[in-house]
Amino acid sequence: MRGERIDPRPARVAQSQQLGDLVKGLAGGIVERGAHVAVSKALSLMTGQIEMGVAAGNHQGQGSRIVIIEHFPLRQQNGVNVTLEVVDRDERLAQGEGQGLSVGDAHQECARQAWALSHRDSLEVREADAGFVQCGADHGNDVAQMFAGGQFRNYTAIGRVDGDLRGHNARQDATPAFHHRRCSLVTGAFDGKNQAAGLTHVSIVVDMAVSAPSGAQHAAAEIVARLRAAGHQAYFVGGCVRDLLLGREPEDFDVATSATPDQVLTMFEKTFAVGAHFGVVLVRSPGLGGEEVVTEVATFRSDGTYTDGRHPDAVRFSTSPEEDVKRRDFTINGMMLDPANDTVLDLVGGMQDLSAGLIRAIGDPGERFAEDKLRLLRGVRFAARFAFQLEPATATAIQRLAPAVSQVSHERVRDELTRMLTEGRARRAFELLDATGLLVQVLPEVVKMKGVAQPPQYHPEGDVWVHTLLLLEGLPAGCPMALAWAALLHDVGKPATFRIAPDRIRFDGHVEVGVRIAAEICRRLRFANHETEQILSLIANHMRFADAPRMKESTLKRFFRLAQFDQHLALHRLDCLASHGSLELYDFVRQRFEILPQEQVRPQLLVSGKDLIEAGYRPGPQFTEMLAIAEDAQLEGAVHTREQALALIRDRWPLP
């Protein structure tokens, strides 16, 4: 059986060996090949990569169509709750009862939970070994006998997500793997109640590996240990806890403590009181490899009013973690974790919202957003990044308070939008910005794209807004910032240049107009000069690919000299895939770019201004044209030496 790879998803697992034993028991001893699941040393709700296989039965002349989707919210150290759904493409065939299965003997007890998939949900078998079908026929489709005899182990069925798994707000994903935020395993064994339908499945997990903490995690854990040894409360807090529970690698680790800033400054040698007024101290300490790591340590506090919409007018230090988390933005960011025993301190319902896939403001949403208007954008970003939904009261508050985002500094808005564009869920982020009324506040130029029709022969996908969303959908996580912004703004000039010509819809001069509009956006959002230059270059040159096959060799080589030309290629590819779908021009330019050595694209010039003066020419404006003619001839391969280049110039500009 061949395996497919599963992305990390939550699992409540105490020890990796327990989980391995459980899965082997569930599979009835039919274990074909191995996979590695990274399980934090003791932290529940954390898994890594899983290789899976899906076997399907009931093949009487109909091919391999039936697969099982199984959900494992593992809830106890010594047991799990299993919810099973059987799906035949878009038709629900059968549903198994949730089972509680212990590690030792897999005794069954009712879990009183069911996970119902909608009719749109399916996991479709796309490929099956022909022998698999024959095996079913040889046994008269007696799947119990086949399962017990291990008959599935030599045959392959490949499963892939087909459609949007909406059963629990799962995100749509076109990759050949099963994704679900609460799913750690896709596994199981024959269910006798489904024998009449000829259904069975096998999923394979053999061994587990314990994940090692990062240097930042180690450093933060040491800080927590020292604070606790001194009699203070201390925990990991915020986004690092959320990411650990989601099976993601945190970017950094923050610590919250009952120790005052003065006490923290005294306890640690290398400290920086960057925000001591707000209880924040940076501690520099060694990581696992001896490298220095900076950890933010914040004192528990409660905040006063926020007159400026960003900072509290006054803070009161506290010894209560509950007071501290209640001032934070969203429940999924309001949990604390004891790194000594991996116990989660959840005083705001963050675990429940992680499981439900919800972004919910802590306490009153209006109060939280009034405290810091940037939270309006952050809520959208988190919902997009994690493929979560905005909790209804939170979404309503964002819509109501959307105009208040104008109070946020342009730099903070820019940074938040950049994160949305580069975290791998840009389309979802901008759809949410639009739905909440935030987009018209921060980027009114982009809103104007909506409803602007395009010529269907070149843009069958729809209007300029739809086209732009498709480009954003293609942006991978971690893509260059300039590329992401250019994808968003490359056609921002189309609304202003739209006209219906006798032959088709046209956008005459939309590139030039778009560059001017994008330049104003970059100025307004305070982009650095080099960032603005790259964004505008990408927009200004995105239509030049159409001329590439007809370009002179010198023109094509100058085209290749554009800074970070790989980004120009990437933008053109996204543009094509979001419209007509043809990559013919992209492939032509990419192949030429890859085969041309840099010394031919940027050769050492054969002549210079000094050479022209030595040849008898007087300096003047004509030098620019003379040198350009010589360089073009060099790029075209027409001249190869200094003497040949000077002869070409003398032929065009004879000396008196």
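**Exercises: pocket, cores and cysteines**

In this predicted model, the lining of the largest pocket is made up of 22 charged, 15 nonpolar and five polar residues.

**Exercise 1.** Describe the largest pocket: its volume, its lining and the elements that supply the lining.

*Solution.* Begin with the volume, which is about 1500 Å³. Next, take the lining: 42 residues form it, and D254, E296, R328, D329 and R378 are the ones nearest the pocket centre. Of the elements, α10 provides the largest share, six residues.

**Exercise 2.** Identify the residues with the most contacts inside the largest nonpolar core, and find which element gives the largest share of this core.

*Solution.* The core holds 91 residues, and the most contacts inside it belong to L227, F430, L443 and W485. Helix α17 (residues 481–489) contributes the largest share, eight residues. A separate second core has 14 residues, among them L612, V639, L646 and I649. Now take L227 by itself: with neighbours within four places in sequence set aside, L227 contacts H232, A234, V255, T257, A259, V264, M267, F268 and V297.

**Exercise 3.** Are C479 and C576 buried or exposed, and how many disulfides are counted?

*Solution.* The cut-off for buried is under 20% relative accessible area. C479 has 7% relative accessibility and therefore counts as buried. C576, at 4%, is therefore buried too. Finally, the disulfide count is zero.

Key
Residues are numbered from 1 along each chain as its sequence is written. This is a predicted model: local features need pLDDT of at least 70, side-chain atom pairs count only at pLDDT 80 or more; totals for chains, interfaces and linings use all residues. Side-chain values use heavy atoms; hydrogens and water are left out. A nonpolar core is a set of buried Ala, Val, Leu, Ile, Met, Phe, Trp, Tyr and Cys residues joined through side-chain atoms within 4.5 Å. Buried means under 20% relative accessible area, exposed over 50%, partly exposed in between (1.4 Å probe, protein chains only). Helices (H or I, at least four residues) and strands (E, at least two) are DSSP runs, numbered from the N terminus. Contact means heavy atoms within 4.5 Å. On a 1 Å grid over the protein atoms alone, a cavity is a set of points where a 1.4 Å probe fits but cannot get out, and a pocket is an open set with protein on both sides within 12 Å along at least five of seven lines; lining residues have an atom within 4 Å of a point. Grid points are joined across faces, edges and corners, and a volume is the space filled by probe spheres set on the points. Ala, Val, Leu, Ile, Met, Phe, Trp, Tyr, Cys and Pro count as nonpolar, Asp, Glu, Lys and Arg as charged, and the others, Gly among them, as polar. A disulfide is a pair of cysteine sulfur atoms within 2.5 Å.
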